[in-house]
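Here are my notes for your reading of this entry. Please keep the structure open while you go through the points.

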Amino acid sequence: LNRRGFFNNAKKQCKIARRNHLHLHFLFMDIDDLKDINDKYGHEEGDEALINTSLILNKNFRSSDIISRIGGDEFVVMSMESPETTVEKLSTRLKKKLAAYNADSSKPYKLALSMGLASYNPKTDCNIDELVASADKMMYKQKNNNSS
């Protein structure tokens, strides 16, 4: 989905989560060093990095999860709470999928994602913009910690 599709679907999921007293998890991520990939290997290779990232995300998450590229090299995933969807399990599983992709890839670079996480508690109002902004802020904090 694109940004608009994400927000339209996310609003509906928030209503369902609130009605059924379920938590939602938001993962906000961007591709590390996409500018370097574009500069060193060309924009076609940068496009392939975006495509391969979206394929990895689609393989990692359930069909009921909302996966979207919301701009440039930024992606967001919204996942409804279930026994197998703790935030830790989601991010750990995604890191394993990325590692497996990189191990099998003949690309001259490694795909890496910086991630930020946020959760919606059904006891509060669901504000998608605030949840995405919170996950985005955490992602940049992780990115800054990784570059230090």
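1. H3 passes H4 in a right-handed crossing. This is a predicted model, as are all the points below. Helix H3 covers residues 43-60 and helix H4 residues 87-104; their axes are 10 Å apart and the packing angle is about 130°. The two helices are therefore oblique to each other.

2. Which residues make the contact of H3 with H4? From H3 they are Asn52, Ile56, Leu57, Lys59 and Asn60, and from H4 they are Leu90, Arg93, Leu94, Lys97, Leu98 and Tyr101. By type, six of the contact residues are nonpolar, two are polar and three are charged.

3. H3 also packs with helix H2 (residues 34-41): the axes come within 6 Å and cross at roughly 145°. On the H2 side the contact uses Leu34, Ile37, Asn38 and Tyr41, and on the H3 side His43, Glu45, Gly46, Ala49 and Leu50. This contact divides into five nonpolar residues, three polar and one charged.

4. Turning to charged pairs, the count of salt bridges is five. One of them joins the side chains of Arg18 and Asp125, with N to O at 3.0 Å. Arg18 is in helix H1, while Asp125 is in the loop between strand S4 (113-120) and helix H5 (128-147), so this pair ties together parts 107 residues apart in sequence. Arg18 is partly exposed, at a relative accessible area of 37%, whereas Asp125 counts as exposed at 65%.

5. Arg19 also lies in helix H1 (residues 3-20). Is Arg19 buried or exposed? Its relative accessibility is 57%, and the cut-off for exposed is over 50%, so Arg19 counts as exposed. The C-alpha atoms of Arg19 and Pro122 are separated by 8.0 Å, although the two residues are 103 apart along the chain.

6. Asp39 and Lys35 form a salt bridge whose closest N and O atoms are 2.7 Å apart. They are four residues apart in helix H2, which means a separation of about one helical turn.

7. Lys107 and Glu45 meet through their side chains in a salt bridge of 2.9 Å, N to O. This pair links distant parts of the chain, since Lys107 is in the loop between H4 and S4 and Glu45 is in helix H3, 62 residues apart. Lys107 is partly exposed at 23% relative accessibility, but Glu45 is buried, with a relative accessible area of 16%. Salt bridges with shared partners join Glu45, Glu48 and Lys107 into one network.

Technical notes
Residues numbered from 1 in each chain as written. Predicted model: local features only at pLDDT ≥ 70, side-chain atom pairs only at ≥ 80, totals over all residues. Heavy atoms only, no water. Axes fitted to C-alpha atoms, helices over the stretch in contact; angles between N-to-C directions. Parallel < 35°, antiparallel > 145°, perpendicular 65-115°, else oblique. Left-handed = near helix turned anticlockwise from the far one by under 90°. Contact = heavy atoms within 4.5 Å. Nonpolar A, V, L, I, M, F, W, Y, C, P; charged D, E, K, R; others polar. Buried < 20%, exposed > 50% of the residue type's maximum accessible area, 1.4 Å probe, protein only. Salt bridge = Lys/Arg side-chain N within 4 Å of Asp/Glu carboxyl O.
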